[in-house]
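Hi everyone, thanks for making time this morning. Let me put the sequence and the structure up on the screen, and then we can walk through them together.

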Amino acid sequence: MINTILSHPRRVFGSIAALCAAMLAFGIFYLQNMVGLEPCPMCIVQRYALIVVGVFCAIAACTGKPSAWRFWGLLSVGVAGFGAFTAARQSWLQWNPPEFATCGRDLYGMIESFPLQRAIPMIFKGSGDCSAVDWTFLGGTIANWSFVWFVIFIVLILATLLKLPRQRNGAMPA
């Protein structure tokens, strides 16, 4: 069954793009607007990484060439790896919160007030709001689940790229 799924790259990329859109909708419409959770700087970075992975996978799903699948797939893997790193860092901050939790500036305030080379390390340093656990599902925080899904996307995309079918009679499966 897994071989059947992985042998249709456009479906894999389209499914990942749809999952990214569904997770963004859940995070924005439910967690942020209905529950009232405000995203921290690291959450916003993860959200942007999810958007970019979804867009890259959507572009890959719309192309029919294996070279384009490889290009957009590898870009997606890189961005998903960055998202997984950010989620892992936030998970670590949640497990080992700083002694003095302060709610630092928001992402936009940091970027407006500091040069980019100073703002980026500040984002990954985390703050009190990055270490807060406001919502859990099955024992995992939002950052934990974000990490899990980024890793799943990386594994699916790499498995699909490694399993790209050989061209038969000039046609590729959809």
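Let me start with a question: among the contacts in the protein chain with a separation of 6 or more, what percentage comes from residues 24 or more positions apart? It is 81%. Please keep in mind that this is a predicted model.

Now the overall layout. The protein chain has eight helices and two strands. Going along the sequence, the pattern reads α-α-α-α-α-α-α-β-β-α. Of the 174 residues in the chain, 39% are buried.

Next, let's look at a helix pair. Two packed helices are described by the angle between their axes and the distance between the axes. Helix α2, residues 9–32, packs against helix α8, residues 142–162, at an angle of about 170°, and their axes are 10 Å apart. Angles over 145 degrees count as roughly antiparallel, so that is what we call α2 and α8.

Who touches whom here? On the α2 side we have Pro9, Val12, Phe13, Ile16, Leu19, Cys20, Met23 and Leu31, and they meet Ile142, Trp149, Phe153, Leu156, Ile157, Thr160 and Leu161 in α8. Sorted by type, the residues in this contact of α2 with α8 are 14 nonpolar, one polar and no charged.

Take Phe150 as an example. Setting aside neighbours within four places in sequence, Phe150 is in contact with Gln46, Ala49, Leu50, Val53, Ala80, Gly83 and Ala84.

Here is a residue I'd like you to find: Ser76, in helix α4. Is Ser76 buried or exposed? Ser76 has a relative accessible area of 0%, so it is buried. Again leaving aside neighbours within four places, its contacts are Val53, Phe56, Cys57 and Ile157.

Cys20 counts as buried because its relative accessibility is 1%, while Cys43, at 22%, counts as partly exposed.

Methods: Residues numbered from 1 in each chain as written. Predicted model: local features only at pLDDT ≥ 70, side-chain atom pairs only at ≥ 80, totals over all residues. Heavy atoms only, no water. Axes fitted to C-alpha atoms, helices over the stretch in contact; angles between N-to-C directions. Helix = DSSP H or I, 4+ residues; strand = E, 2+ residues; numbered from the N terminus. Parallel < 35°, antiparallel > 145°, perpendicular 65-115°, else oblique. Contact = heavy atoms within 4.5 Å. Nonpolar A, V, L, I, M, F, W, Y, C, P; charged D, E, K, R; others polar. Buried < 20%, exposed > 50% of the residue type's maximum accessible area, 1.4 Å probe, protein only.
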